[in-house]
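Here is a friendly walk through one protein structure, from single residues up to the whole chain. Keep the 3D view open and look for each residue as it comes up.

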Amino acid sequence: MLESIKTKFATIFDSEPTHYAFAPGRINLIGEHTDYNGGYVFPAAIELGTYGLARKREDNKINVYSLNFEEKGIISFDLNNLAYDENHDWANYVKGVIKYLVASFPSINQGFDIVYEGNIPNGASLSSSASIELVSGWLIKSLFDLELDRLTLVKIGQKVENNYIGVNSGIMDQFVIGLGKSEHAILLDTGTLKYDYVPAYFGDYVISIMNTNKRRSLTESKYNERRAECEAALASLQQELTIEHLCDIDVATFERYQYLIDNATNLKRARHAISENERTKQAHEMLSNNQFTAFGQLLNDSHESLKNDYEVTGLELDTLAETAQSIDGVLGARMTGAGFAGCAIALVHKDSVKALEQEVTATYTEKIGYAPSFYHVNISDGVKSLN
Ligand code: GLA
């Protein structure tokens, strides 16, 4: 892939790139919609991701080009005008990163050209946007030799989503894409940002990624709505409890104080976040003790909670997860990421992978009208230079 992007760079910009980088995508094993509630998440970076090749220019122009969106052509802007521009489409993720980097690093004083190519399926909830943010930040760090640590870059990526793009996402995606480690998942406490690398060892089982191939719509507004509902539930609990986040309390405490939340929807949202946080801690323990069956059951419970209490699954994700759960050799399955569309994951015995794909494809296609896709990928390192 790198060679063909290099060739393309030379054709488009009539020069050779000087810096190459790669940022992965991610799956989340469990701990969904907990990262803006101060809870635990358990994601892993994956080998699908975004390549970026760059070179400094002599002027203040920034030109970006994506081989995934060739129809959009070269998107150009000036180092001195980095405001969000709807016409700049996907390049706004890049512009946002540049804007916040320039604010902290005046040494970014000339323009550059970047060519991107990614192999994360679009809209698949595998974090293609965080991947492009991080690969861009990494390239700029390398081009200008910035003293920029990974965590700061991660926080800049989140700030781009929150303040520039307008999605109030948590820190999970950028964190695992910035700090991921091959063959490991990360157990991250989003309340404190303390984290542990946990071997992603599943014995005879593997993680299958199943894509609904559903076009996402309204995901961002529904995401922001869920976050607002959690905040409202927190405010209700704070009438009696001194807590900063929903996930500061356990399920037993929640049950004692849930009468404070009079809005039925907000109550369900809080119940999901708080129970999911407990499941995530348990899942970490199960995985560390090679208790794969119990780990799989937690995946199923997570999906059910996301379906009934958090209401972010929908027919496509439910069909994937529930069909997978019914197949011999599958220990558990759940949606992964924000939900509404995108992907689910299944923990499946390596001898049952074919059966899983065949049965899920048959049931899904009959019910939904088109086929799902499957991916088997290794767990990868975080963003890195390739030269
Ligand atoms: C998206 C967001 C994350 C997280 C997940 C849900 O991926 O970017 O911050 O909230 O949804 O767990």
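## Thr 50 and its neighbours

Thr 50 touches residues from several parts of the chain, among them Ala 21, Phe 22 and Ala 23. Other contacts of Thr 50 include Tyr 116, Glu 117, Gly 118 and Ile 120, as well as Ser 128, Ser 131, Ile 132 and Val 135. Residues up to four places away in sequence are left out of this list. Please keep in mind that the model you are looking at is predicted.

Where does Thr 50 lie? Thr 50 belongs to strand E3, which covers residues 43–56. Is Thr 50 buried or exposed? Its relative accessible area is 7%, and buried means under 20%, so Thr 50 counts as buried.

Thr 34 sits in the loop between strand E1 (19–28) and strand E2 (40–41).

Val 206 is placed in strand E9. With a relative accessible area of 27%, Val 206 is partly exposed. Beyond the residues up to four places away in sequence, Val 206 touches Ala 346, Leu 347, Val 348, Lys 350 and Val 353. For Val 206 and Ala 346, the separation is 140 residues in sequence and 8.1 Å between C-alpha atoms.

Helix H9 runs over residues 292–308, which makes 17 residues. From its first C-alpha to its last, H9 reaches 25 Å, close to the 24 Å expected at 1.5 Å a residue. Which residues of H9 are buried? They are Phe 292, Phe 295, Gly 296, Leu 298, Leu 299, Asn 300, Ser 302, His 303, Ser 305 and Leu 306.

Helix H10 is largely enclosed by the rest of the structure, because eight of its 11 residues are buried. These are Glu 316, Leu 317, Asp 318, Thr 319, Leu 320, Ala 321, Thr 323 and Ala 324. They pack against E9, H9, E10, E11 and helix H11 (353–368).

## Backbone angles and an exposed residue

In the loop between H8 and H9 you will find Asn 290. Its phi is near 55°, a positive value in a residue other than glycine. Asn 290 is partly exposed, at 43% relative accessibility. Leu 193, in the loop between strand E7 (184–189) and strand E8 (194–199), also has a positive phi, near 65°.

Now turn to helix H11, where Glu 366 lies. Glu 366 is exposed, with a relative accessible area of 73%. Between the C-alpha atoms of Glu 366 and Asn 63 there are 45 Å, and the two are 303 residues apart along the chain.

## The whole protein

Stepping back, the protein has 11 helices and 13 strands. Its radius of gyration is 21 Å, close to the 21 Å that the globule rule gives for 387 residues, so the protein is as compact as a globular protein of that length. The C-alpha atoms fill a box of roughly 65 × 50 × 40 Å along the principal axes.

Buried residues account for 57% of the 387 residues. Of the contacts between residues at least 6 apart in sequence, 72% join residues at least 24 apart. The accessible surface comes to about 15,800 Å², and 43% of it belongs to carbon and sulfur atoms. As for charge, the protein has 34 positive and 52 negative charges, whose mean positions are 3 Å apart.

Methods. Residues are numbered from 1 along each chain as its sequence is written. This is a predicted model: local features need pLDDT of at least 70, side-chain atom pairs count only at pLDDT 80 or more; totals for chains, interfaces and linings use all residues. Side-chain values use heavy atoms; hydrogens and water are left out. Helices (H or I, at least four residues) and strands (E, at least two) are DSSP runs, numbered from the N terminus. The expected span of a helix is 1.5 Å times one less than its number of residues. Buried means under 20% relative accessible area, exposed over 50%, partly exposed in between (1.4 Å probe, protein chains only). The radius of gyration is taken over C-alpha atoms; the globule rule is 2.2 Å times the number of residues to the power 0.38. Contact means heavy atoms within 4.5 Å. Accessible areas come from the Shrake-Rupley method with a 1.4 Å probe; for residues, only the protein chains shown count as cover. Lys and Arg count as positive and Asp and Glu as negative; His and the chain ends are not counted. The place of a charge is taken as NZ of Lys, CZ of Arg, CG of Asp or CD of Glu.
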